[in-house]
Amino acid sequence: MSSKFYVTTPIYYVNGEPHIGHVYTTAVGDVLARYHRLKGDDTFFLTGTDEHATKVVDSAAENGVSPQEWADRNAKAFQDTFTRLGMSHDDFIRTTQDRHKDKVQDYFKQLLDCGDVYLGEYEGWYDAGQEEYIPENKAKEFGYKSPVNDQPLVRKAEKNYFFKLSAYGDSLLQLLGSGEVFDVRPTARKNEVVARIREGLNDVPISRTGSGDWGIKVPGDDEHTIYVWIDALINYLSTVDTPERRYYWPADVHLIGKEILWFHAVIWPAMLLALNKLPGNEWMKLPRLLYTHSQWISEGKKMSKTLGNFIDLAQIDHYVEVFGLDALRYFLTTNGPLGTTDSDFAEAKFIEVYNTDLANTLGNCFSRVSNMTGRYFDGRLPKPGPEPQTGIDQEHDRTAEHAVRDYHRAMQGLELSKAADAAMGLVRAVDGYIEATQPFQLAKQDGKLPEVGTVLYNCAEALRVASLLLWPFLPEKIEALWRRTGCGHYADALADRGKGELDQWLTWGQCKPGTEIMKGDPLFPRFQPAKV
Ligand code: MSP
């Protein structure tokens, strides 16, 4: 059954170039978006840039250009990088675009109207890097330093517009308690949020003064700029607030890193609840799921420029050049910090995953099957005939069905590593089947060629099923494989964000005997460490 699917990434600060963290969340979003398109869902995948931060003004000044020029330059770097890395987002929102700014002012006006915003004064500890006030107890716990970049917190007082967040504690606890309308995962993260809401919610400032001209003005009060976080969160809604796109809202998944959980799990839904109270805003429902991942560290340590272990754009490009784009996507999305523990981006681990899963399992299995097809059947897929006798399970369609079932279950639960493993498991089953039936021995025996044909047909079928499941992770290589095996129509249907018909395509027995199987170059040549 197909339906709609709307997935977002955080929008990234444009004070610098993209790095592995940004590429990671976007790659996860891309795999999910591709999976849903493959199923035939009407999918919308959004990413973009958050441009009105003070640190953008600061880094622009350091580089001797205007904030807009600096934002343009870095937003372009994000766009170019994501395009180069094959990300299939449907839109790229920049918060400096009029289409966003107009909506932000519009919603802000509505918030003023809804009675949950008032003018007041605020004083507290401010984390300038994260553009965030830190509550006294937390500030103390962090030693009055930013937990993100270690810079000292600054004492700041200002007159602001405040949002009555305090009025929403009970509703949020109730919503999170049931998890039916709005949920936060993994559960450990949800528990953290719930515990903090239980401590009590303070009203929060949603405007700033003295930030100059950079930012979106509070409608009707030019002295105040809308707080960058409020401006940024709205992107998820502003981008789809058009007659053609409203149908995508609410977002099905907001993917975020753990350091921005509070804004997304508390402030964002509370704002939506406030907006939703106004007539005509009934469609502004809460996002269904906030999925919070952990952090990449590198070579066993927190990534840092000074340690020299930072996986920056140059490093990313290097990995793509040496191993290929799909290898990077595969490593990030199957070995990344999707759960509650951090993941290590280590070269040795990358090579091991590449060689084990991609070269030795997938690449090698395809070579074996295409080699034998070449040798025994002139490169044309044979007709299935009688099964050779072995001791192993030969209900191939059932083996494939199990893999498909595990795969869907994992994908629905955002367990990308398990999903990929379900597909790889099917490829390993093909290897096991070849070991058990020994087609190269059968081929030497009189009258056994039809059995060899059966083996190769079943192998090709199972590989076809596995390839469909792996496409969201490895689009480039899988499309190449399809083009060599008479399945180019899948690639055609999915090209340019097209939709697939996964359920139908997965039905066993669709490989056509007689189809030419082109061996071609190895899909994933085994990596020899000397190359790095
Ligand atoms: N602009 C805000 C988000 C606003 S969303 C309405 C922001 N931007 S950011 O440029 O700092 O990007 C934060 C996001 O980048 C994280 O939530 C996470 O998705 C990703 N990552 C940044 N560093 C990371 C790692 N070291 N590891 C994994 N992902 C991390 O915060």
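Three strands make up an open sheet, arranged in the order 9-11-10 with antiparallel pairing. Strand 9 (207–209) and strand 10 (217–218) form its edges, as each pairs on one side only. Strand 9 is joined to strand 11 (residues 221–226) by three bridges, and the two run antiparallel. Within this pairing, Thr209 stands opposite His224 of strand 11. The model described here is predicted.

Strand 1 (residues 4–13) runs parallel to strand 2, and eight bridges join the two. Phe5 stands opposite Thr43 in strand 2. Strand 2 spans residues 42–50, and eight of its nine residues are buried, so this strand is largely enclosed by the rest of the structure. In a regular strand, side chains alternate between the two faces of the sheet.

The protein as a whole contains 20 helices and 15 strands. Its radius of gyration is 26 Å, close to the 24 Å that the globule rule gives for 532 residues, so the protein is as compact as a globular protein of that length. Along the principal axes, the C-alpha atoms fill a box of roughly 90 × 50 × 40 Å. Of the 532 residues, 56% are buried.

The protein exposes about 22,400 Å². Carbon and sulfur atoms supply 48% of that area. Charged side chains comprise 59 positive and 75 negative groups. The centres of the two sets lie 3 Å apart.

Lys302 lies between strand 14 (296–298) and helix 11 (313–323), in the loop that links them. Its relative accessible area is 58%, above the 50% cut-off, so Lys302 is exposed. Leaving aside neighbours within four places in sequence, Lys302 is in contact with Val148, Ile297, Leu307 and Asn309. One of these, Ile297, falls within the range of strand 14 (296–298). Asp344 is 42 residues away from Lys302 along the chain, yet the C-alpha atoms of the two are separated by 9.0 Å.

Technical notes
Residues numbered from 1 in each chain as written. Predicted model: local features only at pLDDT ≥ 70, side-chain atom pairs only at ≥ 80, totals over all residues. Heavy atoms only, no water. Helix = DSSP H or I, 4+ residues; strand = E, 2+ residues; numbered from the N terminus. Rg over C-alpha atoms; globule rule 2.2 N^0.38 Å. Buried < 20%, exposed > 50% of the residue type's maximum accessible area, 1.4 Å probe, protein only. Areas by Shrake-Rupley, 256 points an atom, 1.4 Å probe, with all protein chains shown as cover. Lys, Arg positive; Asp, Glu negative; His and termini not counted. Charge placed at Lys NZ, Arg CZ, Asp CG, Glu CD. Pairing = 2+ DSSP bridges. Contact = heavy atoms within 4.5 Å.
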